[in-house]
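This report describes the chain architecture of one structure and the contact between two of its chains.

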Amino acid sequence: MEKPLTQHIVPGRKPLNLKAYEKVGGYQSVRKALKEMTPQEVQALVKDSNLRGRGGAGFNTGLKWSFVPMGPDAATPKYLVANADEMEPGTFKDRVLLEGNPHQLIEGMIVSAYAIQASISYVFMRWAYKLAAREITQAIQDAYEAGYLGKNILGTGFDLEMHLHTGVGRYMCGEETALLNALEGKRANPRVKPPFPQVSGLFGKPTIVNNVETLCNIPHIINNGAEWFKKLGLTEDAGTKLYGVSGRVKTPGCWELPMGTTIRELLEVHAGGMQDGYLFKGLLPGGASTDFLVEEHLDLPMDYPSIQNAGSRMGTGTMIILDDQTCPVGFVHNLQHFFAQESCGFCTPCREGLPWVEKILLAMDRGEGKPEHLLTLDFHTKYLGPGNTFCALAPGAMEPLQSALKYFREDFERHIHEHHCPWSKTTAWQPSI
Amino acid sequence: MATIYIDNKPYDVKAGKNLLEACLSLGLDLPYFCYHPAMGSIGACRQCAVKVYRDENDTKGKLFMSCMEQVREGMRVSIADLEAKEFRAHVIGWLMTNHPHDCAVCDEGGSCHLQDMTVMTGHNYRQYRFDKRTYINQNLGPFLNHEMNRCIQCYRCVRYYKDYAGGKDLDVYAAHNHLYFGRAEDGTLESEFSGNLAEVCPTGVFTDKTLKQHYTRKWDLTSAPSVCHHCSLGCNTIAGERYGTLRNITNRYNGEVNGYFLCDRGRFGYEFVNSAGRVRMPLVRQMLPEATDKYTALKAAASALKAGRVIGIGSPRASLESNYVLRKLVGEDNFHHGVSDTNHDLVDMALNILCEGSAPTPTLQEIEQCDAVFILGEDLTNTAPLMALAVRQSVRQKPMLEQVSKANIPVWQDAAARSLIQSEQGPLFMAHYTPTKLDELATKTYFNAPDDIARLGFAVANLIHPDSPEVRGISDEDQALAQQIADALMQASKPLVISGTSSGNERVLKAAANIAHALIAREKAASISLVVPECNSMGLAMMGGHKLESAFEAVLNDYADTVIILENDLFRRASTARVTQFLDRCEQVIVLDHLHNATTEKADILLPAGTFSEADGTLINNEGRAQRFFQVHATPEEIQESWHWLAELGTIMADEQISSWHGYDDIVKALTNEIPALRSIKKAAPPSDFRIAGQKIPREPHRFSGRTSMLANINVSEPKPPQDPDSPLSYTMEGYRGQPPSSVIPFFWSPGWNSVQATNKYQQEVGGHLKGGDPGIRLIEPIGTAPFSVAVPQAFVPLEGHLFMLPLHHTFGSEELSNQAAAIQERIPEPYVAINATDAQRMKLSEGQLLSFSIEGQVYQLPIKLSQTIPSGAAGMPNGLPGVPFAELPAWAILNRDIKWKKQPQTTF
């Protein structure tokens with residue numbers, strides 16, 4: 001089984017330095033792309049490979065690039081940004097790549113920047129990834145010294161600057177336009193689309209923001225071709241994917257597997273099944289902002305269309321398992337607390353709606369829930385949908401809630417009618433003052 | 001135009017607008033918060049959601065924010081759709097989770113956009129049962145109150161304050177449902193335009209602090225359309241009164257002049273009307289007691305006039321009508337402008353440039369559309385604040401035209417346009433002797449003495465058109481700058497030259513005129529805007545009259561012995577010694593004014609003149625636009641318009657023409673017949689007999705309360721309401737309730753729209769002209785007969801032992817009447833003299849030390865402020881500031897010390 005992304009990553013070992021990375025074939029794709037291919041050819045190749053954005057939205061990467069204005073009339077400078085602001089709860093796949101093989105990301109970024117003719121690039125990294133920040137800083141410095149970054153890279157006339165920018169820890173910064181605002185030194189509020197960042201992005205110039213995992217795939221596609229990449233996947237989606245499992249499983253972790261590996265295989269083979277004494281109740285397939293899936297969905301392949309058809313989203317591909325001994329209301333409350341806190345406060349439904357939802361769930365968890373609270377939760381799941389809010393944060397927050405209300409509604413009702421959390425040890429209900 | 005279907009009805013709407021603008025322009029009710037016509041859309045509040053359908057077969061539709069959707073031909077939309085309605089009600093529900101239920105004690109209540117929108121959406125019952133979040137408020141200075149708990153986070157305040165008005169000290173802090181809109185710490189908001197926050201804020205976070213001192217609900221105010229008297233721009237205002245005191249000034253939308261905004265001097269300067277320093281009773285100084293009734297005072301004045309040889313001194317802060325009646329009373333030969341002679345000549349020249357030049361003068365709204373601006377010798381923020389605000393918008397024009405339209409971003413899409421153009425700005429060039437707040441936007445700033453500014457201007461004109469004279473001996477550096485400016489102006493589609501009288505230098509005006517003329521000669525759509533000193537300076541110049549100095553001479557040479565001074569403190573017009581000498585020589589001094597001042601102290605007969613809120617009249621602003629202001633409230637008979645006093649005097653004196661007048665309209669008629677240049681002023685507003693459906697226009701809203709009880713402490717029977725013979729407005733609640741002509745809108749209100757946002761309903765299209773055209777009538781059109789001026793000055797050369805004292809202006813402090821408003825007084829700077837830092841070093845003087853100098857015998861001792869920009873050998877002194885005696889600036893100040901300036905090469909011709 002080919003594992004192009006993680007082949008050189010050994011847990012517990014320091015990442016390959018530049019020399020070692022070059023020895024195993026590193027930076028070959030830079031030579032190939034910059035010397036033998038036109039930017040348009042790189043774009044076309046990536047488009048053909050059917051590489052879909054690994055940040056969660058799953059948009060064809062090559063297609064995204066193709067919206068960048070090219071040619072002498074295009075606005076300059078153009079920017080490439082690696083979105084390393086991995087803040088989705090339950091998601092830790094980019095961290096593996098950042099800490100495990102920083103040069104792979106830099107290589108992918110150089111080729112991607114070349115494809116869109118960007119001259120300045122940024123790695124926008126989550127503040128908490130201190131080790132990754134150290135590794136990337138070193139790797140960027142080494143790449144500059146080796147002539148892979150800077151002016152006239154490898155004598156091809158292509159220039160690229162690269163900077164690491166560490167954020168201050170806002171979930172919003174994972175949204176590409178909010179990330180751009182943050183990078184400009186402004187509030188991390190999302191921007192209106194259109195205009196899309198490909199046309200008016202960082203500092204008003206054409207910009208591509210790609211996820212770390214997406215960018216790490218680029219060198220391999222350049223080296224091995226589109227057909228090879230497509231064949232890596234088990235289903236119609238191409239490539240491999242870094243899948244993760246967390247929750248009460250025997251061996252939680254992150255593994256590179258062919259796109260389309262089934263949920264059951266992930267859960268039972270790679271994660272070793274549920275811990276003893278715990279039963280599977282449900283899972284969030286791609287991070288906190290995706291809909292619950294339950295027992296009946298376990299044989300679905302983890303790829304974009306299959307999960308979408310089941311009413312959820314593949315998201316980041318890193319699943320969180322809900323077991324039978326965890327209160328689903330408390331579980332969802334925890335998530336809503338996160339989302340309410342991470343709302344940027346720009347649009348009304350998200351800013352005011354999420355705290356309301358959070359307060360209701362907390363009240364339920366404390367046994368103070370009222371039947372009408374379910375109606376309030378229902379209208380939030382209805383109206384905090386895409387398009388009604390400014391960006392995807394609140395709709396994402398509603399996904400676990402609406403599916404919890406669908407699959408675990410009786411658990412919510414029990415909280416209300418029994419005036420306490422059935423999972424809680426304190427059973428006696430105390431009226432609130 | 002595009003045809004769209006709203007709830008299955010076809011409507012023709014303007015293409016390129018957003019759906020919200022289209023709906024509001026059609027008169028449909030659709031709630032919104034974050035959108036503002038002057039600032040466009042950002043899509044934050046999600047209040048204006050509507051259903052949009054793909055085509056006529058689509059029955060499901062999807063919710064869209066109408067402010068973010070461009071109108072498309074054939075678009076199918078539903079406002080009434082149940083889901084859309086439910087969503088809009090939920091948005092209010094969300095906002096109400098944290099909004100306090102304090103309408104009853106909130107200053108905004110009754111004029112609150114949030115209240116209106118809440119009622120409009122039908123959100124009646126609160127479902128939210130948890131705690132509300134609370135904040136600590138800030139002290140934001142004398143103008144605004146801050147109550148953050150009421151905030152609905154629409155972002156309008158920061159968008160207005162930072163993005164639109166260029167303020168630095170208001171921002172949004174924190175995140176999620178704990179956003180904070182305020183300053184980094186307590187303190188006075190620095191912007192001169194902060195007061196607009198009270199109107200921009202859709203609820204009661206920012207409210208008028210001066211109104212709070214004498215609070216009245218909007219529905220209890222007696223209001224009338226007024227015109228700001230505090231600078232030459234003539235911004236339209238609404239003045240509100242209750243119980244005989246003026247309560248507030250709010251913006252009166254005029255699509256050509258001030259649009260939605262006022263400056264703080266205009267908004268908060270009104271308090272002088274309520275000042276303890278008002279002249280409230282006629283005074284006859286030779287009687288005891290001095291205070292007397294109207295008729296005794298009139299008789300005394302009439303006998304003084306009969307006995308003496310009379311001259312009249314008019315005023316640029318009095319209405320055309322008052323000046324005209326004075327001129328009539330004393331005779332044209334004896335009518336003098338009550339302004340300094342420098343001021344007199346400069347305003348005449350400005351008028352001449354506008355009339356005989358070739359470039360038209362733009363409205364403030366047109367200034368916003370100009371894409372290259374060159375400002376010569378004007379500190380707009382301090383002399384004509386709203387023009388500075390307009391220039392702030394103009395620097396966005398070039399990138400908006402070049403980039404935003406290219407990227408297919410509609411102009412109303414504010415957030416997208418701003419993130420695209422970022423800090424890019426169109427050309428703005430500043431030439432002045434002191435830093436101004438617009439410098440931060442300037443492509444280049446040029447600091448030098450006024451004569452050198454004029455030289456730069458002439459050099460620019462010469463580069464644009466060779467017929468404009470060459471400037472000899474100009475430095476290479478200045479020539480390069482001139483070239484850059486000339487290129488920028490020539491490349492622009494709407495270049496604009498701004499200058500004015502504030503630097504006191506006629507060459508600067510001439511240079512500006514030459515540039516505009518040169519641009520026109522090169523067939524550019526150029527315009528020229530000139531700032532003049534006071535609200536009716538232009539009107540006075542158009543009326544004509546002698547100089548003040550000739551009035552002094554007439555009395556001192558014994559040609560006259562009696563003077564009538566109209567609304568004018570002569571001690572602000574000429575040196576103390578000269579004015580004292582003049583007044584002491586007069587046998588009888590008759591003064592009409594609002595406030596006690598040094599001149600009224602010298603009056604033998606003092607007549608209380610009604611202020612702008614107690615008078616009808618016409619002002620002509622800097623662009624030559626005649627605008628009518630109306631009396632807000634009835635006054636006791638001892639306080640009346642100056643023209644009223646003077647006409648009564650004329651009647652007593654049996655002046656044939658004056659006695660034939662029976663009211664305001666007759667005066668206007670006589671004025672327009674006599675002065676051809678002012679012929680059109682009668683069109684500025686409908687005559688007093690104007691009626692709609694046989695009714696007058698009420699100054700009071702139909703919800704006005706307390707009418708039968710407010711005077712019950714005096715008399716329990718309801719008095720007959722005062723009559724207004726001079727205007728089509730009534731002092732009551734009764735009258736025509738529909739929309740009056742734009743010039744007589746006493747307040748903006750429409751069913752369901754109690755806040756200032758009701759303005760939408762009075763406009764042809766949202767953010768556009770008022771229905772029936774914007775108020776005011778332009779009296780000046782350029783005829784293009786003036787040749788290029790050849791008066792290129794020589795470069796400024798310092799004079800040993802002297803400082804060339806230049807006037808410095810202050811938004812707060814330089815204008816006479818607003819200086820008497822308590823809130824404004826808190827913002828007036830301390831007196832100072834600004835001198836070149838190197839000169840100071842040479843004189844061994846440092847910041848804060850006193851500099852002693854004299855101008856025309858008047859000795860000054862002022863603390864020093866060091867300036868990096870004032871040229872060596874020159875200095876600046878605040879104009880009109882309380883505590884700084886008048887000097888006719890610019891002038892050579894004699895230093896009481898021996899000092900030699902650095903030798904500068906003398907330019908020779």
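The model is predicted. Chain B holds 27 helices and 34 strands. Its radius of gyration is 28 Å, close to the 29 Å given by the globule rule for 909 residues, so chain B is as compact as a globular protein of that length. Along the principal axes, the C-alpha atoms of chain B fill a box of roughly 90 × 75 × 50 Å. Of the 909 residues in chain B, 59% are buried. When contacts in chain B between residues at least 6 apart in sequence are taken, 75% of them join residues at least 24 apart.

Chain B is divided into the domains tabulated here.

| Domain of chain B | Residues |
|---|---|
| domain 1 | 2-96 |
| domain 2 | 277-339 + 534-674 |
| domain 3 | 359-531 |
| domain 4 | 802-895 |

Over C-alpha atoms, the centres of domain 1 and domain 2 of chain B are 56 Å apart. An unreviewed UniProt entry lists residues 221-277 of chain B as "domain: 4Fe-4S Mo/W bis-MGD-type". That span, residues 221-277 of chain B, is 9% helix and 35% strand, and its end C-alpha atoms lie 24 Å apart.

Between the chains, 30 residues of chain A are in contact with 33 residues of chain B. On the chain A side, the elements giving two or more residues are helix 13 (328-342), helix 14 (348-365) and helix 15 (371-383) of chain A. Helix 14 of chain A gives the most, with eight residues. The residues on this side of chain A comprise 14 nonpolar, 11 polar and five charged.

Notes. Residues numbered from 1 in each chain as written. Chains lettered and ligands numbered in written order. Predicted model: local features only at pLDDT ≥ 70, side-chain atom pairs only at ≥ 80, totals over all residues. Domains from an automatic or database assignment. UniProt positions renumbered as here; feature names shortened; annotations may be inferred. Helix = DSSP H or I, 4+ residues; strand = E, 2+ residues; numbered from the N terminus. Contact = placed C-beta atoms within 7 Å. Nonpolar A, V, L, I, M, F, W, Y, C, P; charged D, E, K, R; others polar. Rg over C-alpha atoms; globule rule 2.2 N^0.38 Å. Buried ≥ 20, exposed ≤ 12 C-beta atoms within 10 Å, placed from the backbone.
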